[in-house]
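Student: I am new to this structure. Can you show me how to read it, one feature at a time?

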Amino acid sequence: MTPPVAPSGPLLDISGLSSGYGPVVILRDIGLRVERGSITALVGPNGAGKTTLMKTILGLIRRGAGSMVYDGADISDMPSHRRVDAGIALVPEGRMVFTTLTVEQNLRLGAVVPRAHGGTQERLEEIFRQFPKLRERRRQLAGSMSGGEQQMLAIGRSLMAKPRLVLLDEPTLGLAPIMVKKVFEIIGQLRADGYTVLLSEQNSKLALETADHGYIIENGIVTLSGPAHQLVDDPEVKRRYFGM
Ligand SMILES: Nc1ncnc2c1ncn2[C@@H]1O[C@H](COP(=O)(O)OP(=O)(O)OP(=O)(O)O)[C@@H](O)[C@H]1O
Ligand SMILES: [Mg+2]
């Protein structure tokens, strides 16, 4: 018997994707690839459709046309919970931690998916090693933590589900500059730890400086894409997105 061959190619491959809300079409003909072990940045102004895309990838919003292939399998019609169980995790915009629960309770809730059953305690220890701050604060109510700490918690909670693809929706929104820097360090660390990251950011410059590949999305369509270092140096990108 020949051993099973690990799927190669991008971890996520989206083509011709459209989606929206009821009759309202927001995303049109989106093509996007997320390479294994990379950080892919999705940048664009308010209302461009970044969150809509993340939700469509997770299956919270039904796609219209197009396809989404994850780890070699077509997930376009897969229910959301099965996508989660296949290793896709969303760290939602606004963090959405349970403010009246403790840090540890929030983290444990991240492990309720079947994929993460068994080994919750070890997983928790791993997250605490990665985020010592969360260990320090484990008995503190999440709602009493700073925005940056809550973001760390939201990321930690997503990792409890043992994801492979982490969708990070605007993780630095509303954070003080020093915390923005810290969150970008964490994102770099996720890649070093072997996670694959799709990052949505309005902080375009930092996002592209951190990412391997970038996509610029405006009014629901991809207007520009390429290696992130090329986009960072692109005069048009500089002018329109970095205000330079
Ligand atoms: N539940 C909804 N019903 C109808 N339209 C919606 C809904 N949620 C978002 N939209 C619309 O979809 C478009 C894209 O919104 P989306 O939240 O995806 O943008 P975004 O790029 O994430 O913006 P931001 O940077 O502000 O988070 C906007 O025009 C928005 O008004
Ligand atoms: Mg958004």
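Student: Take helix α1. Is it mostly covered or mostly open?

Tutor: This is a predicted model, so read each feature as part of a prediction. In α1, seven of nine residues are buried, and the helix is mostly covered.

Student: Which residues of α1 are buried?

Tutor: They are K50, T52, L53, M54, T56, I57 and L58.

Student: What follows α1?

Tutor: Look at the backbone angle just past the helix. G59 comes after α1, and its phi is positive, near 90°.

Student: Now the ligand. Which residues come nearest to ligand 1?

Tutor: Start with the shell, then pick out the nearest members. Ligand 1 has 13 residues around it, and N46, G47, K50, T51 and T52 come nearest.

Student: Which helix gives the most to that shell?

Tutor: Helix α1, residues 50-58, with three residues.

Student: How is the shell made up by class?

Tutor: Sort its residues into three groups. Around ligand 1 there are six polar, four nonpolar and three charged residues.

Student: Which polar atoms of the protein lie by the oxygen atoms of ligand 1?

Tutor: A polar side-chain atom of T51 is 2.8 Å from an oxygen atom of ligand 1. For E170, an N or O atom of the side chain lies 3.0 Å from a ligand oxygen. With A48 the backbone takes part: one of its polar atoms is 3.2 Å from an oxygen of ligand 1.

Student: How much of ligand 1 does the protein bury?

Tutor: Compare the ligand alone with the ligand in place. Alone, ligand 1 exposes 640 Å², and the protein buries 61% of that.

Student: Let us turn to strands. Why is β9 largely enclosed?

Tutor: Count buried residues again. Strand β9 covers residues 213-218, and five of its six residues are buried, so the rest of the structure largely encloses it.

Student: Which strands pair with β9, and in what sense?

Tutor: For each pair, read the direction and the number of bridges. β9 and strand β3, residues 39-43, are parallel over four bridges. Here L42 stands opposite Y215 of β9. With strand β10, residues 221-227, β9 pairs in the antiparallel sense over six bridges. There, H213 has P227 of β10 as its bridge partner.

Student: How many residues lie between β9 and β10 in their hairpin?

Tutor: Two. In this hairpin N219 has a positive phi, near 50°.

Student: Where is the open sheet of four strands, and what is its order?

Tutor: The order is β2-β1-β4-β5, and the pairing is antiparallel. β2 (24-34) and β5 (73-74) are the edge strands, each pairing on one side only. Strand β4, residues 67-70, meets β5 in two antiparallel bridges. V69 has D74 in β5 as its bridge partner.

Student: Last, the whole protein. How many helices and strands are there?

Tutor: Ten helices and ten strands. The radius of gyration is 18 Å, close to the 18 Å that the globule rule gives for 244 residues, so the protein is as compact as a globular protein of that length. Its C-alpha trace spans about 55 × 45 × 40 Å along the principal axes. Buried residues make up 48% of the 244.

Conventions. Residues numbered from 1 in each chain as written. Chains lettered and ligands numbered in written order. Predicted model: local features only at pLDDT ≥ 70, side-chain atom pairs only at ≥ 80, totals over all residues. Heavy atoms only, no water. Near = heavy atom within 4 Å. Polar contact = N/O pair within 3.5 Å; in protein donor to acceptor, adjacent residues only side chain to side chain. Areas by Shrake-Rupley, 256 points an atom, 1.4 Å probe, with all protein chains shown as cover. Nonpolar A, V, L, I, M, F, W, Y, C, P; charged D, E, K, R; others polar. Buried < 20%, exposed > 50% of the residue type's maximum accessible area, 1.4 Å probe, protein only. Pairing = 2+ DSSP bridges. Rg over C-alpha atoms; globule rule 2.2 N^0.38 Å.
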